[in-house]
Structure formats: structure tokens, C-alpha cells
Amino acid sequence: MPRLITLTTDFGPGSLYVAQMKARLLHAKAGCTLIDIAHDLPAHNIQAASWFLGQACLAFPADTLHLVVIDPGVGTARKMVWARIGSQEFLAPDNGLLTHAAAVATLAEARVLPEPADASATFHGRDVVAAAAVRLLDGEPASAFGEPWGPLVQLPEAAASARPDGIHGAVRFIDHFGNLLTNIPAEEWPAVVAAGGLHLGDRWIDRPVRTYGDASPGSAVALVGSQGVIEVAIVEGSASRLLGGEIGTPVRIPQDRR
């Protein structure tokens with residue numbers, strides 16, 4: 001069976017850069033199955049991409065190779081790495097991108113990727129990451145890369161916390177619909193119901209619901225989403241746009257009703 005290779009970038013849909021990465025991969029002698037996970041992640045936003053990768057990539061079959069390029073520091077001293085996390089392999093810049101994946105699974109090993117002498121200083125996705133993937137596809141072991149590397153760069157990923165005035169968290173990701181996914185786990189949902197809602201920044205969201213259809217279009221609601229965390233949404237609208245929610249916006253479930 002051809003090896004599964006995924007691509008995740010912030011290059012944008014219809015991107016020349018994605019096309020060039022794919023073209024480089026097709027120079028491998030061995031066949032592969034290419035899967036585009038996403039190319040419209042927020043540009044340069046390592047925090048959002050890290051959360052996304054931890055949710056999306058670890059669901060793939062074992063030994064899938066994930067090529068990930070969200071790399072605002074391209075060409076600087078930051079390293080490009082191969083890493084095995086749980087049953088998955090990653091090729092990515094060591095800039096915090098793998099923080100969430102390594103928190104969900106276990107980092108088994110990491111190695112520095114070689115930088116070819118003719119690599120562009122502004123496109124390591126093609127010239128370092130895709131080139132390393134070709135070597136792996138053609139049977140080279142990861143041990144043929146550079147020296148072992150670690151620990152990987154970690155983002156300051158503060159978990160939701162219980163305080164005297166309630167449960168504090170923050171928005172961690174904004175999906176295509178503008179829903180605001182927080183870092184507060186679904187287990188805290190009874191506290192939202194008991195309080196009658198939650199605070200998103202300085203706004204009070206007073207409609208805890210089970211699903212979007214439980215409220216009328218345009219309503220601001222809180223609910224447990226498919227990713228196992230508490231979300232804030234506008235029914236048939238964008239909570240990000242209409243409520244001003246951003247990645248990092250604080251969220252608080254009060255201990256008592258408002």
C-alpha cells in the first residue's frame with residue numbers, strides 16, 4: 001500500500017507553493033497517497049496551527065507522514081525536524097508547531113533535517129521538508145538525517161484552570177464557520193449549565209444548548225462541539241466576526257450565575 005503523506009500549510013488555497021511541494025514529492029521513486037489536510041490556516045499563526053495539528057493529524061493511520069509548514073521564521077536559526085509522535089511521523093519547523101501533538105501523544109524521537117546547499121532561504125517547505133520526505137519515501141531511515149534533537153520548542157500552552165471566581169480558559173481555534181473553540185474540556189459543561197452561560201471576554205453568552213438547532217438563527221450560544229471542548233457560536237453566523245472573538249480571547253465560566 002502506498003504510504004500516506006499529508007500536507008498542512010498556511011500557503012492558501014490554489015497556492016503555487018503547495019503545487020511546488022507536491023511536484024517535489026512526485027520525484028520519489030516510491031508511490032504515495034497525498035492528502036491535503038488544510039492550506040488555509042491563519043497565516044503565521046503557530047498557536048492555532050499547533051492546536052489544529054494535535055486534533056487532526058493523530059487520527060490518521062499509524063506511520064502516516066505529515067508535512068507541516070507554518071514557518072514565519074523560515075531561513076533563520078530555527079531547525080527543521082523529523083519527529084515521531086505516537087504512531088505518526090512529522091516533518092516540520094521546530095517553532096512550537098508540534099506542541100499540542102506532543103502533549104496528546106508521546107514524542108519518541110526527533111532529528112534535525114539537513115538543509116541542502118541550494119535551498120531557498122524563503123521556501124524550506126519545498127527545499128527541506130519535501131526533499132526529506134522523498135528520502136523517506138525512497139527507503140532511507142530517519143537516522144540518516146542529522147543528529148538527535150530535543151526537547152522540541154514548546155508554546156506556552158496554558159490549560160484551563162479553576163479559580164475562586166470560576167473556570168478560566170481561552171479561545172484556541174476558530175473554524176471555517178467562525179465558531180470559537182476553547183481549551184475548556186467538555187467535562188466542564190455542567191458548570192456552564194449551572195451558571196446559565198459563560199463570559200467571552202466582556203460579553204455574556206446566555207444560551208447553553210445541546211446543538212445549533214436548539215436556538216434561532218443569529219443567536220449567540222455555548223455548546224460542546226465535536227472536538228470535545230466547549231465552543232461559542234452564532235447560529236448560522238460567525239461568532240468570530242459578530243462577537244469579536246479571537247485566538248487568545250479569555251473565556252470564563254462563573255462559579256455562580258453571572
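This is a predicted model: local features need pLDDT of at least 70, side-chain atom pairs count only at pLDDT 80 or more; totals for chains, interfaces and linings use all residues.
Residues are numbered from 1 along each chain as its sequence is written, and side-chain values use heavy atoms, leaving out hydrogens and water.

## Aromatic pairs

Across the whole structure, a search turns up 5 aromatic pairs. Rings of Phe, Tyr and Trp (its six-membered ring) pair if their centres lie within 6.5 Å; planes under 30 degrees apart are stacked, those over 60 edge-to-face, and the rest tilted. One of the pairs joins Phe11 and Tyr17 edge-to-face, at 5.8 Å centre to centre with 70° between the planes. Ring pairs also bring Phe123 into a cluster with Phe11 and Tyr17.

Trp51 and Phe173 make a stacked pair, 5.3 Å centre to centre and 20° between the planes. This pair links distant parts of the chain, 122 residues apart: Trp51 sits in helix 2 (residues 46-56) and Phe173 in strand 8 (residues 166-174). Helices (H or I, at least four residues) and strands (E, at least two) are DSSP runs, numbered from the N terminus. Trp51 is buried at 7% relative accessibility, and Phe173 is buried at 9%.

## Ala103

Now to helix 3 (residues 99-104), which holds Ala103. Ala103 is exposed, with a relative accessible area of 63%. Its C-alpha atom is separated by 9.7 Å from that of Glu157, 54 residues apart along the chain.

Conventions:
Buried means under 20% relative accessible area, exposed over 50%, partly exposed in between (1.4 Å probe, protein chains only).
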